[in-house]
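This briefing is meant to be read with the sequence and the three-dimensional view side by side. Please look at both before turning to the notes.

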Amino acid sequence: MNKIIALLLLLTIGFISCKPSEKEIDRVEIAKTYYKVINNSDYYKLSEWFADSLQTIEGEHKNTYSKSEYMELLKWDSVFKPHYKILNIEEKDGIVNAKTSKINKRIIFLHEKPFIINQIFRFKKEKMISIETEYVNFDYPTWEKN
């Protein structure tokens, strides 16, 4: 009887240890942190959430950056003092959709009002792999005039 209990106990432990642990991450919180970090220019905090490369998509423009290349891009953008305000953010099927307002010195000069943008954050496991951006209110005539 003790052998049967010991065997069942060993089998149970074996099955439990074979099950892969699924670490659930809060993707919405990662996206919120992304905006906070950009607003504060604390880019070094972002690299822990990025995969080895990050793809950005804006319209038909697709770029793939290494972590260090993307950090340089963000540092360049920080010259214009960007500020993001989250208007709406939600996760569905592992994808985070965020509607934000973005303003900076360059946008004020060329666009005369904040951009309203939709961004889609995609993840692979616990790392961000792409950010897709759609401009909702881009004013071409004002941008070209200025």
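The notes below treat the sheet, its strand pairs, the helices and the pockets in turn.

The structure is a predicted model. Its strands include six that form an open sheet with mixed pairing, in the order E2-E1-E6-E5-E4-E3.

- Strands of a sheet pair through backbone hydrogen bonds, and the pairing is either parallel or antiparallel.
- The sheet is open and holds 6 strands; its edges are strand E2 (61-66) and strand E3 (83-92), each of which pairs on one side only.
- From one strand to the next, the twist averages 20°.

**Strand pairs and hairpins**

- E1 and E6 run parallel and are paired over 5 bridges. Within this pair, Phe 50 has Met 128 in E6 as its bridge partner.
- Strand E5 (residues 115-124) and strand E6 (residues 127-135) run antiparallel and are joined by 8 bridges. Ile 117 stands opposite Tyr 135 in E6, and the bridge partner of Gln 119 in E6 is Thr 133.
- E5 and E6 also make up a hairpin, with 2 residues between them. In its turn, Lys 125 has a positive phi of about 60°.
- E4 and E5 are antiparallel, with 7 bridges in their pairing. Here Asn 97 stands opposite Ile 120 in E5.
- E3 and E4 are antiparallel as well, and 9 bridges join them. Ile 86 is placed opposite Thr 100 in E4.
- The hairpin of E3 and E4 has 2 residues between the strands, and Asp 93 takes a positive phi near 55° there.

**Helices against the sheet**

**The largest pocket**

- Which residues lie closest to the centre of the largest pocket? Of the 25 residues in its lining, they are Glu 58, Leu 73, Lys 102, Arg 106 and Tyr 135.
- At least two lining residues come from each of H2, E1, E2, H3, E5 and E6. H3 gives the most, with 5 residues.
- The lining of the largest pocket consists of 15 nonpolar, 6 polar and 4 charged residues.
- Tyr 135, one of the residues closest to the centre of this pocket, is also the residue of E6 that stands opposite Ile 117.

**The second largest pocket**

- The second largest pocket has about 160 Å³ of space.
- E3, E4, E5 and E6 are the elements that give two or more residues to the lining of the second largest pocket.
- Among the residues of this lining are Asn 88, Glu 90, Lys 99, Glu 132 and Glu 134.
- By class, the lining of the second largest pocket has 2 nonpolar, 6 polar and 4 charged residues.

Conventions:
Residues are numbered from 1 along each chain as its sequence is written. This is a predicted model: local features need pLDDT of at least 70, side-chain atom pairs count only at pLDDT 80 or more; totals for chains, interfaces and linings use all residues. Side-chain values use heavy atoms; hydrogens and water are left out. Two strands pair if DSSP finds at least two bridges between them. Helices (H or I, at least four residues) and strands (E, at least two) are DSSP runs, numbered from the N terminus. Axes are lines fitted to C-alpha atoms, for helices over the stretch in contact, and angles run from 0 to 180 degrees between N-to-C directions. On a 1 Å grid over the protein atoms alone, a cavity is a set of points where a 1.4 Å probe fits but cannot get out, and a pocket is an open set with protein on both sides within 12 Å along at least five of seven lines; lining residues have an atom within 4 Å of a point. Ala, Val, Leu, Ile, Met, Phe, Trp, Tyr, Cys and Pro count as nonpolar, Asp, Glu, Lys and Arg as charged, and the others, Gly among them, as polar. Grid points are joined across faces, edges and corners, and a volume is the space filled by probe spheres set on the points.
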